[in-house]
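Thanks for coming, everyone. Please have a look at the model on the screen, and then I will walk you through a few places in it.

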Amino acid sequence: MKTHLCFHIFFIPFYLILSSVSGQCQNDQKSILIQLKNDLRFNSSSSTKLVYWNTNVTDCCKWGGVSCSSTGQVIGLDLCNETISVGINDSSVLFDLKNLESLNLSGNSFNFSQIPTRFGSFASLKYLNLSNSGFSGQIPRELSQLSRLEVLDLSSLFSYGIRSLRLEKPNLATLVQNFTKLRGLYLDNVNISSQKSDWGQSLSSSLPNLEVLSLSNCQLSGPLDDSLQNLQSLSVIHLPLNNLSSPIPDFIANFKNLTVMNLGSCNLLGTFPNKVLQLQKLQILDLALNKNLYGSLPNFPINGSLESLVLSHTNFSDGIPEAIGNLKNLSRIELFNSNFSGRIPESMQNLTQLRYIDLSSNNFIGPIPSFQKCKNLTHVDLSRNSLSGMIPSAHFQDLDNLVSVDLRFNGFNGSIPSSLFSLQKLQQIQLSNNNFDGLLPNFTNPLLSSLDTLDLSSNKLEGEIPRSIFELRNLNILLLSSNILSGTIRTIDFQDRLSNLTTLDLSFNNLSIITSNNITLVNHLPKFTTLKLASCSLTKFPNLRNQSRLINLDLSNNKIEGQIPNWIWEIGNAHLSYMNLSHNQLIGLEEPYNFRDLYVLDLHSNSLSGVIPLPPQTATFIDYSNNLFNSSLPESIGRNLGYAYFFSVSNNALTGVIPQSICNAAYLKVLDMSNNQLNGSIPNCLIELGSSLGILNLANNSLSGRIEGTFPSRCGLNTLDLHDNLLEGKIPGSLVNCMMLEVLNLGKNKINDTYPCSLSKNTNLRVLVLRSNRLHGSVVCGQTQHNNWSKLQIVDIASNHLNGEIPNNCYNQWGAMMNDDNGDPPEKKHLGFTVLQLNDFYYQDTVTVTVKGLELELVKILKVFTSIDISNNQFSGEIPRTIGQLKALYVLNVSHNEFTGSIPPSMGNLSQLESLDMSSNKLTGEIPQTLTSLSFLSTLNLSHNQLQGRIPTGTQFQTFESDSFLGNNELCGFPLNRICASLNIPVTEHAPTSQESKNRYDCQFILTGIGFGAGAAIVTGPIMLTKKGRHFWDENTNKFVMMICLVLGIHYAPYGLFEEDEDDEKETLYSDENSDESEFESEIDQSKGRYCVFCTKLDFSRKQAIHDAKCTCFDRTKLLSTSSSEAESPFTKL
């Protein structure tokens, strides 16, 4: 509407100039004006013009709002905002002013009366403004007779529905057919829906001189007709809130005089023409709330005129160009919730006229530019991006007009810029959910600060809370939760301070809150509306009896013991709506108690026992889970759940049946009664409640009977968990109606049915658990029942009586197991259910899976976790080769079945596999070498099959124990003690006998040994036959072994294998071996000392050397010089 006012400023002075040439008022004109004043009903105390019309001032041309011609005729009348309510109708003397050229009756209130038809009698009228005056009904045809009209304004700020002005008969085309001189047309909130989509043709054919077109919220339909390009004088196009449902035509870029364009919330489509943004005269562009409008920002022209750029809630993408620095007049830029990315250009720091910047909820990265030169800046919102880096204090230095800074939900680090804490006009500092660290800055002049909101929660701030914060007189909201703040906060710290504080959140720090019962101190506490002190080391309830305005109270995660006092329900003068006392050490509720009108009551994870309390009838969220309540559920409990969205009593000791009244909770989205001792049957109506219910969890009780009732056609269930009960019968066929179902867990019951082929169309299914039931028959479904479980990630049908072969195409549609990307946004990484979009109420799915032989409860079901368990059935035939497609599979268990054939080599493609159990089947053939490529495999069980051949060697296979391969009599190789007789086991009609195996030689080992021996001989032969070589061998061998021993922590002293006898050139073998060994053993401790390296084993478990007494050790070696080829080498006895 700021633009709208500018239109009037542009046109009105043309008519006000008339007053400068006015002559003496004619008597007849004066009489008409006096009569008009007497006929009008207005509030004289609010009037600034009419109230001063009186006969004492003889020249009526000098009266307020009156303009005259040179002959004394009244030609202009401006009675806007005069609170006129009665007196303008077809009999009014107003219409006796025959020479009127300008008439302004805007801003009055004519009580939804119709526009008088006699307005059409003003033959000279050029300007008519009846905007915001409370006129209603059909716009009269007679207005079309005003052929000299240049400006027509019948607009309204708001739509009044059926009371709004409308153009039906006549329609828009008829109304404007004679307005050939019209330059400004304002019909905002006038119903022109009857004109359909040809309104553009009507305007272009009748209004060739049109400069301003303002038709906001007129129920126009698109597209923008090509004939509009004929209106080349257009400077203002103001058409927001119309359902145009079309692209913006390229010809808009040809409007060289265009200064204002507002097409917000018009359901625009396609790509916005960039050239429009490069129009030299364009000052205001608003395309907000067009989510299907695409585009990007161009290189803006030098010295462009753009002052306001609003593209919020569009699909504009790419980055902000550096050329935005060319827009020296830019004062407002709003790109909120679009798809922009990249860095915020440094050139923005040169936009000295900038007042308002909102780039929130985009994908901007990197550091932010300095705003130090933007001295007019009042509002900065860069929240919910991926911005990072440190923010120098100079970035906000001396921005004395700054009112609001919002940098929440980014990745900023380092210290908080201290300059923000010295700006006296600053009202809001919101820096939560970043990585700011260090100490909190002090406020330089807290008594002069205008600060209203300080939100620094969810950072890494340390140290104590500065005392200056308690001096902020205007502070209304203080949020410091989820930091590492320390120190002690006492009740006295608030005495005569922070008197305007209404919201305080100090939760989840290292703070200690010490409360006082001193009435004087308690009475001087601020009057809170929200008080959150979770995890503040409280040991008792603070005295809040005088908190008459309290609405939200959170004392969770403390160490409060004993009973909940009954006075706590009376605080807030019965206006308390949110109470969270979870995760304390509370044991009961002091009686009598009255929950009043609570909307949220959270008592979970305490030690509350006895009778479960009836929830407040107004509550939407009730959590009694993880307590010790041991009563039955009250029969009337459903009457108190009439507005409830969330109700959990899980993990208690409740007994009895589920009351039928629970079905009165028509708005329930989550019902969790799991892990109790409930019995009886599931009420039919509870199944039929599924149209609103998102989570139904009755697991781990003693419920029995059949699952009766019919899931409604518009079933909204996300999770149905009935596992570990005594349920019988069949899986309800009506479950096919639950198209939103993600988790179905019916495991550990007595369900007697076949494989649920009927669920093949439940395309959102992610978890299917039917284990430990009495399912029977084949898993082969009919031609029309091919499953389309593209999101399925956990399948557990183990321990049933299913049989037959697994179809080859069984896994073809399991897309979530084929790759790491489930098609979901990365921020949602585990299964869960959002109870309400506007708060943090969230239900976490859980499931129990068997991994490595152990049952593990997955409290959070990661969307990347995948598992298949079909063990303990009677499946037969071969394992489908297509299983190799499941490249994202983590756990596979097909054990205890009757599978035959070989292990599919394609299983080597299961690159994420961590656990594989194929034991107790009838698998044959060799273990595929491809399995050695499974680098994440940590558990393997192939035991008790009929596998044969060598166990493959590989990185992971070397780590498995022999238990993984037991019961396969024809397997050989490590880790089994059975040595493979040959490289290739011949395929014969019968298995070879054990005697035949013993008589065979392993060619692989023989050839390997020959190769190593030959190589060693070639290298060591020349060394042994020369004097220098022997010295080289002795020296370097000792060094090498010493290095190894030092690493292993073994004591080592070298012995020379070869010593040259200087007195005798003839070398002989040292022969006294027995005496040498005896002396060695008597003088040296056997756990350490001087050992012959070649006669010693290294014990890696004890890091010690063990001497072999049977080995010949050389203290002094003399070589025999002989020409005989049979001369002994010292190696012959080793």
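**Strand S16 and its neighbours**

Strand S14 (residues 290–295) runs parallel to S16, and the two pair over three bridges. A word on terms. Strands are DSSP runs of E with at least two residues, helices are runs of H or I with at least four residues, and both are numbered from the N terminus. Two strands pair if DSSP finds at least two bridges between them.

Before going further, the ground rules. This is a predicted model: local features need pLDDT of at least 70, side-chain atom pairs count only at pLDDT 80 or more, and totals for chains, interfaces and linings use all residues. Residues are numbered from 1 along each chain as its sequence is written, and side-chain values use heavy atoms, with hydrogens and water left out.

Back to S16. Asn315 in S16 has Tyr294 standing opposite. S16 also pairs in the parallel sense with strand S18 (residues 339–343), over two bridges. There, Asp318 has Phe340 in S18 as its bridge partner.

Thr314 is found in S16, which covers residues 314–318. Is Thr314 buried or exposed? Thr314 counts as buried because its relative accessibility is 0%. Buried means under 20% relative accessible area, exposed means over 50%, and partly exposed is in between, with a 1.4 Å probe and protein chains only.

What does Thr314 touch? Not counting residues up to four places away in sequence, the list includes Leu287, Asn290, Leu293, Asn337 and Asn339. Contact here means heavy atoms within 4.5 Å. Thr314 also has a polar side-chain atom 2.8 Å from the backbone oxygen of Leu311. That is a polar contact: a pair of N or O atoms within 3.5 Å, where within protein one must be able to donate a hydrogen and the other to accept it, and residues adjacent in sequence count only if both atoms are side-chain atoms.

**Aromatic rings**

Next, the rings. Rings of Phe, Tyr and Trp (its six-membered ring) pair if their centres lie within 6.5 Å; planes under 30 degrees apart count as stacked, over 60 as edge-to-face and the rest as tilted. How many aromatic pairs does this rule give? The count is 23.

Phe95 is buried, at 0% relative accessible area. Phe119 is buried too, with a value of 0%.

Trp569 and Phe595 have ring centres 4.8 Å apart and planes at 70 degrees, so they are edge-to-face. Again the pair links distant parts of the chain, here 26 residues apart. Both Trp569 and Phe595 are buried.

There is also a cluster: ring pairs link Phe272, Phe316, Phe340 and Phe364.

Charges meet rings as well. Arg384 lies over the face of Phe409, 4.0 Å from the ring centre. Lys532 lies over the face of Tyr578, at 5.6 Å from the ring centre. The rule is NZ of Lys or CZ of Arg within 6 Å of the ring centre and within 35 degrees of the ring normal.

**Two buried spots**

First, helix H4, residues 199–206. Six of its eight residues are buried, so H4 is largely enclosed by the rest of the structure. Among them are Trp199, Gly200 and Leu203. Their cover includes helix H3 (172–176), strand S8 (184–186) and strand S9 (212–214).

Then Pro526. Pro526 lies in the loop between helix H5 (519–523) and strand S33 (530–532). Pro526 counts as buried, at 2% relative accessibility. Its contacts beyond four places in sequence include Phe494, Leu498 and Gln547.

**Confidence**

Last point. pLDDT is the predictor's confidence in each residue, from 0 to 100. The chain has a mean pLDDT of 83, and 80% of its residues reach 70 or more. Where is it under 50? Residues 1045–1053 are one such stretch, and residues 1055–1134 are another. Where pLDDT is low, the predicted coordinates should not be read in detail.
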